[in-house]
Amino acid sequence: MLNLIIFGPPGAGKGTQSEKIIERYNLAHISTGDLLRAERNAGTELGNQANEFIKKGELVPDAVVIGMVRNFISSHSSAAGFIFDGFPRTVAQAGALDEMLHEFNAEVNVVLGLEVEEDELVKRLLLRGQTSGRADDQSEDTIRNRFREYQSKTLPLSAHYTSQGKYRSVQGIGELDVIFNALCTEIDVVKK
Ligand code: AMP
């Protein structure tokens, strides 16, 4: 199994690059943001609860997200591997992911961190908000809150994975294909 985490702040390009990576490496894509929005759109209780956090730009509680990821992995157990997009976002989620993969005798192979500075991220998110229909991309206050959550709860994971020798930093500004090639170079190293 090849398991990748695509890491970085909101607007770094995780979703866009994930789409390209799954095509080349035949992985299952798990975006917790997409799963939560699907739950919300379906009007489930989980989705309604999650939406209270999403619309404020806060993280959804760990137990909710971890349960959802566990279900996804169980229902894709024959996948060649996974790309985790927007998960884990807390140290507790990272621990839970290690345990889940351990059940498959697998582990996180590499964490690809997209580096983009904050002013560029705000521009990208507001632009995306014009077409995505995502309320959390349309208000600069909510966007700033998402960054605060990222800084305090998610960014510490880069040190966590660096200490395991798994973190690779990749420049996230520039041509999409140049960024994609840089990501593939890192993936190919662990795939061998
Ligand atoms: P995203 O689509 O990854 O930008 O996520 C949109 C929103 O969904 C975030 O601002 C959080 O409110 C929520 N969310 C997505 N993934 C997670 C996660 N792993 N843990 C907690 N909340 C999440």
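Predicted model: local features only at pLDDT ≥ 70, side-chain atom pairs only at ≥ 80, totals over all residues.

I looked up Glu-58 and found one of its backbone N or O atoms 2.6 Å from an oxygen atom of the ligand. For Thr-32 I noted a side-chain N or O atom at 2.8 Å from a nitrogen atom of the ligand. Arg-89 also uses its side chain: a polar atom there lies 2.9 Å from a ligand nitrogen atom. I then checked the burial of the ligand, which exposes 490 Å² when taken alone, and the protein buries 96% of that.

I recorded 16 residues around the ligand. The closest are Thr-32, Arg-37, Glu-58, Gly-86 and Arg-89. Which helix gives the most to this shell? I found helix 2, residues 32-42, which supplies four residues. Sorted by class, the shell holds six charged, six nonpolar and four polar residues. I also looked up the pockets, and the largest pocket is the space that the ligand takes.

I searched the whole structure and have five aromatic pairs on record. I wrote out one of them, Phe-7 with Tyr-167: the ring centres are 5.9 Å apart and the planes stand at 85°, so the pair is edge-to-face. The pair links distant parts of the chain, as the two residues are 160 residues apart. Phe-7 belongs to strand 1 (residues 2-7) and Tyr-167 to strand 5 (residues 167-171).

Is the bond from Phe-87 to Pro-88 cis or trans? I read it as cis, with omega near -5°. Pro-88 sits in the loop between strand 3 (81-85) and helix 5 (91-102). I then looked up Asn-26, which is not a glycine and yet has a positive phi of about 55°. I placed Asn-26 in the loop that runs between helix 1 (14-25) and strand 2 (28-31).

Note on methods. Residues numbered from 1 in each chain as written. Heavy atoms only, no water. Near = heavy atom within 4 Å. Polar contact = N/O pair within 3.5 Å; in protein donor to acceptor, adjacent residues only side chain to side chain. Areas by Shrake-Rupley, 256 points an atom, 1.4 Å probe, with all protein chains shown as cover. 1 Å grid on protein atoms, 1.4 Å probe; cavity = no way out; pocket = protein on both sides within 12 Å on 5 of 7 lines; lining within 4 Å. Sits in = over half its atoms within 2 Å of the grid points. Nonpolar A, V, L, I, M, F, W, Y, C, P; charged D, E, K, R; others polar. Phe/Tyr/Trp six-rings, centres within 6.5 Å; stacked < 30°, edge-to-face > 60°.
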